[in-house]
Amino acid sequence: MTIFRSTGLAVVAAASLVMAGCASGLGGGTYERAEARRAMTVQYGSVEAVRRVQIEGTKTPVGPVAGAAVGGIAGSGVGGGRGRGIATVLGAVAGGVAGAAIEEGVTRRTGVEVTVRLSNGQLLAVVQEDGGENFRPGERVRVLRDGATTRVSR
């Protein structure tokens, strides 16, 4: 039983690290590889408002599958015969639910919604990961767009 718990904890820890490593940056200064050498439209404006938001975490099959594996292993160490099979199934189901919740929580990020009044008078709100820019109302910023991505930076 102790071996199963130790193995289960190791798998959960490894899965959490993998999920955290897979989380893509969503801040104004983070670029995906595919964005390199791609032209972006630049507009200037002033920050009208800034508010903190939560950017929900990822919901991929990794969390539930890892959780189900750990739960199934842990459940298989309980009881014997038919009871062991039931415990294995229940452990896998509970582990899958827990794994999904852990993945979403580990990859959740603090963000900011920056409302910018562009030089042409248009208002634009952009949500991005909080990279510590500390945008302030009245501050002059630039908005970069390429059709798929919009970001606010200095």
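**Entry 1, the core.** I began with the largest nonpolar core of this predicted model. I found 11 residues in it: Val 47, Val 112, Val 114, Val 116, Leu 118, Leu 124, Val 126, Phe 135, Val 141, Val 143 and Val 152. Strand 2 provides the largest share, four residues. As a reminder to myself, nonpolar side chains tend to be buried together in soluble globular proteins.

I picked Val 141 and listed its contacts, skipping neighbours within four places in sequence. Val 141 touches Val 47, Val 116, Phe 135 and Val 152, each of them also a member of the core. Val 141 is in contact with Gln 43, Tyr 44, Gly 45 and Ser 153 as well.

Is Ser 153 buried or exposed? With a relative accessible area of 13%, Ser 153 counts as buried, because the cut-off is under 20%. Again leaving aside neighbours within four places, I noted Phe 135, Val 141, Arg 142 and Leu 144 as the contacts of Ser 153. I also checked Tyr 44, which is 109 residues away from Ser 153 along the chain; their C-alpha atoms are 9.8 Å apart.

**Entry 4, the sheet.** Next I wanted to know which residue Ser 153 is bridged to. The bridge partner turned out to be Arg 142. Strand 4 and strand 5 pair in the antiparallel sense, over four bridges. Stepping back, I saw five strands in an open sheet, ordered 3-2-1-4-5, with antiparallel pairing. Strand 3 and strand 5 are the edges, each pairing on one side only. From one strand to the next, the twist averages 40°.

**Entry 5, the whole chain.** I finished with the overall layout. I counted three helices and five strands, and from the N terminus on they run α-β-α-α-β-β-β-β. Of the 154 residues, 31% count as buried. Among contacts with a separation of 6 or more, 71% join residues 24 or more positions apart. The accessible surface comes to about 9100 Å², and carbon and sulfur atoms hold 60% of that surface.

Key
Residues numbered from 1 in each chain as written. Predicted model: local features only at pLDDT ≥ 70, side-chain atom pairs only at ≥ 80, totals over all residues. Heavy atoms only, no water. Core = buried A, V, L, I, M, F, W, Y, C linked by side-chain atoms within 4.5 Å. Buried < 20%, exposed > 50% of the residue type's maximum accessible area, 1.4 Å probe, protein only. Helix = DSSP H or I, 4+ residues; strand = E, 2+ residues; numbered from the N terminus. Contact = heavy atoms within 4.5 Å. Pairing = 2+ DSSP bridges. Axes fitted to C-alpha atoms, helices over the stretch in contact; angles between N-to-C directions. Areas by Shrake-Rupley, 256 points an atom, 1.4 Å probe, with all protein chains shown as cover.
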